[in-house]
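Here is a short briefing on one protein model. Look at the structure first, then work through the points below.

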Amino acid sequence: MNYLHNFCKTYFERRYINSMLAKPFVILSGNSGTGKTRIACKFSKQYSVSIPDYSKSLKDLCKYILEHDYDMNGVKLKSVSETAVEVYNTKNKYICISFGIIQEYIDWYAQNGIASNPARSDMQEQGKYDGQSYSWDTTHIEKIAKFVLDYENKERKGVYTSNHLLIPVGADWTDNTKILGYFNPLANDGKGEYVKSEILEFIETASDNPEIPFFLILDEMNLSHVERYFSDFLSKMELLDYKENSEPVFFDIPGYGKLELPKNLFITGTVNIDETTYMFSPKVLDRANVIEFKPEMNDVLNNLLETSNGDDDKIAEPGVAEGFMQLANEVRSGTIPSEVQPILEGIKLILESFYKELEKCGFEFAYRTVKEIRLYAIAAYKTAEGEKPTATEIADIQILQKILPKIHGNKKQIGSLLDELEKLCDENQLKESLSKICQMKDRLNRFQYASFI
């Protein structure tokens, strides 16, 4: 587990990584400029790998060739549809050639070499299509296939993609098109075309590489209403089952089809609270670990004298990213290590008293919260170096990150509740939660209203 300890140098970083292992959605809150985005990027780059990537499908490549008016060994494209291309034949008329037949020739050349041509009779016998399809204009099919294969081989060399992506959220994110893309009915000569977003392509790549973690960072996530653009993810995340051979979860996107929500996608959202942002609803907060980042004064001022050493740009050692993904799968598998059982029993006793007080004001937690606290406890136990965490320590952090963020209201609504929670924290020695409750009480006394963020 050394690859975890290289990152977990601070108490805050350990909370972040355990939260990410327990649930692949973490919200980092704090004042602007405190380094929330930097810490998220630093974390993801600890597990950075370069993945060979050539994202153009045969259809997309043909569209690209058409747009740039390329001559494919003497063949010119007229149009590209969902299933075929139209080209000019020797009589300057149009012929239609399916992608399936072109791909069969591409595969043949890839296996046998581009210098020779397959016998038409062999392709007719071995191919998937009716024999007549191969005799319309074999010369054109051969030229297109050779051009595509040669072009792809050149393009694939040195083309890599990363497993981390930083996307700044804008105030114009009013629906999910910024996340999942959209169908443009006017494109492709009125035939329509699906326009993929950068995030959708990132998700596709994650699905193709399930053994590697992919980190998506949504910077300033609450510049727009989160529920408007992120509701699909909030719902689908709850359907993911991390047990081995469990059924995949898909987005059903009009104009695109089915997009799998991969289990190796980890999402971090950074948030600021000012006059330009929106508050989170309980629906969002309930589905994430909320970590408030408030650096100490000395850490802030010492940064005046420090410079970056460039370590953030290093590629992870072989096996490190895969090791993180393996650990995440172990934590979320549903198996409780026998050593963690006593810890969970201790956490249960602490949560019982909190539940009774929260229920009086309508802030009680439910199954999802308890499940994610259990997963956090397993993650904290597995990543601990040296002395293992106690039930009190884990309960303290999870009350802070999973329960307190949903408490908000005026003095009449939550004044007495915060008083009672303060007593419980003091009795159970929950130092982090006690500190936050005192901050909320101070804010309540000053402004007659308080919330976690």
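Which residues of strand S7 (residues 164-168) are on its covered face, and which are on the uncovered one? Leu 165 and Ile 167 make up the covered face, while His 164, Leu 166 and Pro 168 make up the uncovered one. This is a predicted model: local features need pLDDT of at least 70, side-chain atom pairs count only at pLDDT 80 or more, and totals for chains, interfaces and linings use all residues. Residues are numbered from 1 along each chain as its sequence is written, and side-chain values use heavy atoms, with hydrogens and water left out.

**Terms for strands and helices**
- Helices (H or I, at least four residues) and strands (E, at least two) are DSSP runs, numbered from the N terminus.
- Two strands pair if DSSP finds at least two bridges between them.

**Strand S7 and its partner**
- S7 pairs with strand S10 (residues 214-219) in the parallel sense, over five bridges.
- Opposite Leu 166 stands Ile 217 in S10.

**The S3-S4-S5 sheet**
- Three strands form this open sheet, in the order S3-S4-S5, and the pairing is antiparallel.
- Strand S3 (77-80) and strand S5 (94-98) are the edge strands, as each pairs on one side only.
- On average, neighbouring strands of this sheet are turned by 25 degrees against each other, direction ignored.
- Strand S4 (residues 84-88) pairs with S5 over five bridges.
- Val 85 has Ile 97 in S5 as its bridge partner.

**Helices across the sheet**
- Helix H4 (residues 58-67) lies across S3 and S4 and runs at about 135 degrees to S3.
- Helix H5 (residues 99-112) lies across S3, S4 and S5 and runs at about 65 degrees to S5.
- Contact means heavy atoms within 4.5 Å.
- Axes are lines fitted to C-alpha atoms, for helices over the stretch in contact, and angles run from 0 to 180 degrees between N-to-C directions.

- In strand S11 (residues 250-253), Phe 251 and Ile 253 point to one face and are buried.
- Buried means under 20% relative accessible area, exposed over 50%, and partly exposed in between (1.4 Å probe, protein chains only).
- S11 and strand S12 (residues 257-260) pair in the antiparallel sense over four bridges.
- Ile 253 stands opposite Gly 257 in S12.
- Three residues lie between the two strands of this hairpin, and Gly 255 in the turn has a positive phi of about 90 degrees.
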